[in-house]
Amino acid sequence: MRAKLTHKILAPPGHLKATLAMPPDHATDPGPSCERTAAAQPTVELQAPDISGWRHGNTGVDHVHLFDSGRPGPTVMLQALTHGNEICGALALGYLFGQAVRPLRGRLILAFANVAAYARFDPADPHPSRCVDEDLNRVWADEELFGSRDSVELRRARELQPFVDAADLLLDIHSMSEPCRPLMVCGRSEKNAAYAVALGVPGDLLIDTGHPAGLRMVERGGFADPASPKRALLIECGQHWERCAESVAIDTALRFLALTGVVDASWVASRLRSTPLAGQRLVRVTEAVVARSPDFHFLVPMVGLGVVPLAGTPIARDGDHVWRAPYDDTVLVMPSLSHLLPGNTQARLGRFEDTTRLVAGPVIG
Ligand SMILES: [Zn+2]
């Protein structure tokens with residue numbers, strides 16, 4: 001049996017039915033880390049950058065830039081602001097523009113996605129600017145993109161779709177509503193998780209079960225096809241507005257550019273803010289905690305990637321129903337009450353797996 005280190009928590013003592021614990025074998029490198037305990041009110045430490053200077057790119061689509069080296073190589077896309085209040089991605093792209101990043105081979109696309117939502121960002125009330133009409137990261141199925149339904153986000157997704165579909169390698173930069181260590185969402189795809197292992201960051205990788213509400217960009221087309229050489233990763237850089245999310249976003253973007261080979265590794269190395277991690281852990285999501293009632297609250301601290309050691313431990317009360325840990329060392333993935341509604345996913349549950357068993361799939365030839 002594995003020894004456990006108790007994870008610091010802030011919650012009413014009477015609320016603690018389970019001890020959240022972290023395995024001691026977690027990667028030890030400090031790097032840019034967003035580990036912190038749950039806070040009642042997140043503060044906005046980051047300043048949302050002015051992106052108006054990058055509105056007019058060279059693609060005919062606002063806020064989308066394409067740099068072509070003129071030499072053979074993959075098409076790499078970095079996207080920020082899929083969600084309008086996740087400003088660390090915009091800071092990372094701003095950093096790359098400031099460093100005059102250019103591909104040495106292949107093509108590089110830099111895109112600010114939901115700029116309409118971002119224009120509404122208000123640090124005094126930062127949650128609503130996640131989107132305007134609907135979640136931009138649930139509309140990437142062909143039936144939505146090429147269907148007749150209309151919304152601000154669908155219109156933007158239709159503008160972005162040719163670039164997304166042209167990309168061989170995609171990094172979508174996000175952050176989380178609750179405090180949590182950085183986390184790489186690899187969709188349902190082992191090949192993407194294997195690519196995150198090659199990337200070397202962050203310490204925690206996630207294979208999940210998708211979102212019933214709609215297809216995410218990283219699951220579109222070849223990105224989710226095990227037989228395709230395309231790869232897509234979604235980095236969650238930490239809590240939306242904490243300072244270290246910016247460093248994580250920049251560092252991950254730089255490492256991704258180096259791994260794809262479109263940018264010279266020495267150019268990247270001189271700009272990195274962290275050293276390689278000692279190891280990574282894979283969490284495989286097995287089920288979602290979908291609220292059944294408006295009377296839903298967690299019985300364990302709402303800390304992302306917290307571990308509930310014992311199977312059967314009550315996790316959440318949901319009206320008359322009690323959600324329990326399905327197995328020992330149940331990992332709480334992105335627990336949140338920010339969007340509490342019956343039918344909404346309030347958390348996902350997963351278990352640790354060995355990264356060495358991942359199937360990497362074909363590579364770009
Ligand atoms: Zn997001």
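**Close-up 1. Ala100 sits in the loop between α1 and β5.** The model shown is predicted, so local features need pLDDT of at least 70 and side-chain atom pairs count only at pLDDT 80 or more, while totals for chains, interfaces and linings use all residues. Residues are numbered from 1 along each chain as its sequence is written. Helices (H or I, at least four residues) and strands (E, at least two) are DSSP runs, numbered from the N terminus. Ala100 has a positive phi of about 55 degrees, although it is not a glycine. Is Ala100 buried or exposed? Ala100 is exposed, with 7 other C-beta atoms within 10 Å. The cut-offs are these: a residue is buried if 20 or more other C-beta atoms lie within 10 Å of its own, exposed if 12 or fewer, and partly exposed in between, with C-beta atoms placed from the backbone.

**Close-up 2. Helix α1 covers residues 88-98.** Of its 11 residues, 8 are buried, so α1 is largely enclosed by the rest of the structure. The buried residues of α1 are Cys88, Gly89, Ala90, Leu91, Ala92, Leu93, Gly94 and Leu96. Which elements cover them? The cover includes the strands β4 (75-80), β5 (107-112), β6 (169-176) and β9 (231-239). The helices α2 (115-118) and α6 (243-260) are also among the covering elements. Ala100, with its positive phi, comes just after α1.

**Close-up 3. Helix α4 has a kink at Leu160.** Helix α4 has 15 residues, 152-166. From first C-alpha to last, α4 reaches 22 Å, close to the 21 Å expected at 1.5 Å a residue. That expected span is 1.5 Å times one less than the number of residues. The kink is about 45 degrees and lies shortly before the proline Pro162. A bend is the angle between axes fitted to the seven residues ending at a residue and the seven starting there. Buried in α4 are Glu153, Arg156, Ala157, Leu160, Phe163 and Val164. Their cover includes β3 (64-68), β4, β5, α2, α3 (142-145) and β6.

**Close-up 4. Three strands form an open sheet in the order β11-β13-β14.** The pairing is antiparallel. β11 (296-298) and β14 (321-324) stand at the edges, each with a single partner strand, so one side of each is left without a neighbour in the sheet. The twist averages 20 degrees from one strand to the next. Axes here are lines fitted to C-alpha atoms, for helices over the stretch in contact, and angles run from 0 to 180 degrees between N-to-C directions. Two strands pair if DSSP finds at least two bridges between them. How many bridges join β11 to β13? There are 3 bridges between β11 and β13 (residues 314-318). Phe298 has Ala316 in β13 as its bridge partner.

**Close-up 5. His63 lies in the loop between β2 (21-22) and β3.** The phi of His63 is near 65 degrees, a positive value in a residue other than glycine. His63 counts as buried, with 25 C-beta neighbours inside 10 Å.

**Close-up 6. A cis peptide bond runs from Val201 to Pro202.** Its omega is near -10 degrees. Pro202 is found in the loop between α5 (190-199) and β8 (204-207).

**Close-up 7. Cys237 has its place in strand β9.** Cys237 is buried, with 31 other C-beta atoms within 10 Å. Pro182 is 55 residues away along the chain, yet the two C-alpha atoms are separated by 4.7 Å.

**Close-up 8. Glu353 lies in strand β16 (residues 345-353).** Glu353 counts as partly exposed, with 15 C-beta neighbours inside 10 Å. Leaving aside neighbours within four places in sequence, Glu353 is in contact with Leu282 and Arg284. Two residues are in contact if their C-beta atoms, placed from the backbone, lie within 7 Å. Leu205 is 148 residues from Glu353 in sequence and 9.9 Å away in space, C-alpha to C-alpha.

**Close-up 9. Over residues 1-40, pLDDT stays under 50.** pLDDT is the predictor's confidence in each residue, from 0 to 100. Where pLDDT is low, the predicted coordinates should not be read in detail. For residues 1-40, the model has 89 contacts beyond four places in sequence. The mean pLDDT of the chain is 88, and 88% of its residues reach 70 or more.
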